[in-house]
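Dear colleague,

Please find below the structure I promised to pass on, followed by my notes on it. I would be glad if you could read the notes with the model open beside them.

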Amino acid sequence: MAVYVDSGLCKSCKLCMAVCPKNVFAVTHKVNKKGYNYAEAVNEKDCIKCRLCERTCPDFAIHIED
């Protein structure tokens, strides 16, 4: 299982952080080409595959792989 965040698509809206019941995501200090500090799956091992983040992301930047 893996949690992928496309750093180039992420706008740092933090919706993934708001909906994740296991606090898998955090915003990094890294900046993408659009100038946003993007989200990363920092606690990937805690992911329960509920896919709330994947369904909530307005930019389709998150993908959960089994």
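The largest nonpolar core of this predicted model has 15 residues, and those with the most contacts inside it are V3, C16, V24, F25, C53 and I62. Strands β3 (37–41) and β4 (62–65) each supply at least two residues of this core, and the largest share, three residues, comes from β3. As general background, nonpolar side chains in soluble globular proteins tend to be buried together.

I62 has its place in strand β4 and, because its relative accessible area is 8%, under the 20% cut-off, it counts as buried. If neighbours within four places in sequence are left aside, the contacts of I62 are Y4, V5, C16, F25, C53, E54 and C57; C16, F25 and C53 are also named among the core residues with the most contacts. The pair I62 and V5 is separated by 57 residues in sequence, yet their C-alpha atoms lie 4.6 Å apart in space.

That pair brings me to the fold as a whole. The protein has two helices and four strands, and, read from the N terminus, these elements follow the order β-α-β-β-α-β. Of the contacts with a separation of 6 or more, 54% are accounted for by residues 24 or more positions apart. The overall dimensions are as follows: the C-alpha atoms fill a box of roughly 30 × 20 × 20 Å along the principal axes, and the radius of gyration is 11 Å, which agrees with the value near 11 Å that a compact globule of 66 residues would have.

As for the surface, buried residues make up 29% of the 66 residues, while the accessible surface comes to about 4200 Å², of which 53% belongs to carbon and sulfur atoms. The protein carries 10 positive and 8 negative side chains, and the centres of these two sets lie 5 Å apart.

A second residue that I looked at is A26, which is placed in strand β2 (residues 25–31). Is A26 buried, partly exposed or exposed? With a relative accessible area of 24%, A26 is partly exposed, since the buried class requires a value under 20% and the exposed class a value over 50%. Not counting residues up to four places away in sequence, A26 touches M17, Y38, A39, E40 and V42; its C-alpha atom is separated by 8.6 Å from that of N43, which is 17 residues away along the chain.

N23, in the loop between α1 (15–19) and β2, has a phi near 55°, a positive value in a residue other than glycine, and at 53% relative accessibility N23 counts as exposed. F60, which lies in the loop between α2 (52–56) and β4, likewise has a phi near 55°, again positive in a residue other than glycine, and F60 is exposed, with a relative accessible area of 69%.

With best regards

Definitions and conventions
Residues are numbered from 1 along each chain as its sequence is written. This is a predicted model: local features need pLDDT of at least 70, side-chain atom pairs count only at pLDDT 80 or more; totals for chains, interfaces and linings use all residues. Side-chain values use heavy atoms; hydrogens and water are left out. The radius of gyration is taken over C-alpha atoms; the globule rule is 2.2 Å times the number of residues to the power 0.38. Buried means under 20% relative accessible area, exposed over 50%, partly exposed in between (1.4 Å probe, protein chains only). Contact means heavy atoms within 4.5 Å. Accessible areas come from the Shrake-Rupley method with a 1.4 Å probe; for residues, only the protein chains shown count as cover. Lys and Arg count as positive and Asp and Glu as negative; His and the chain ends are not counted. The place of a charge is taken as NZ of Lys, CZ of Arg, CG of Asp or CD of Glu. A nonpolar core is a set of buried Ala, Val, Leu, Ile, Met, Phe, Trp, Tyr and Cys residues joined through side-chain atoms within 4.5 Å.
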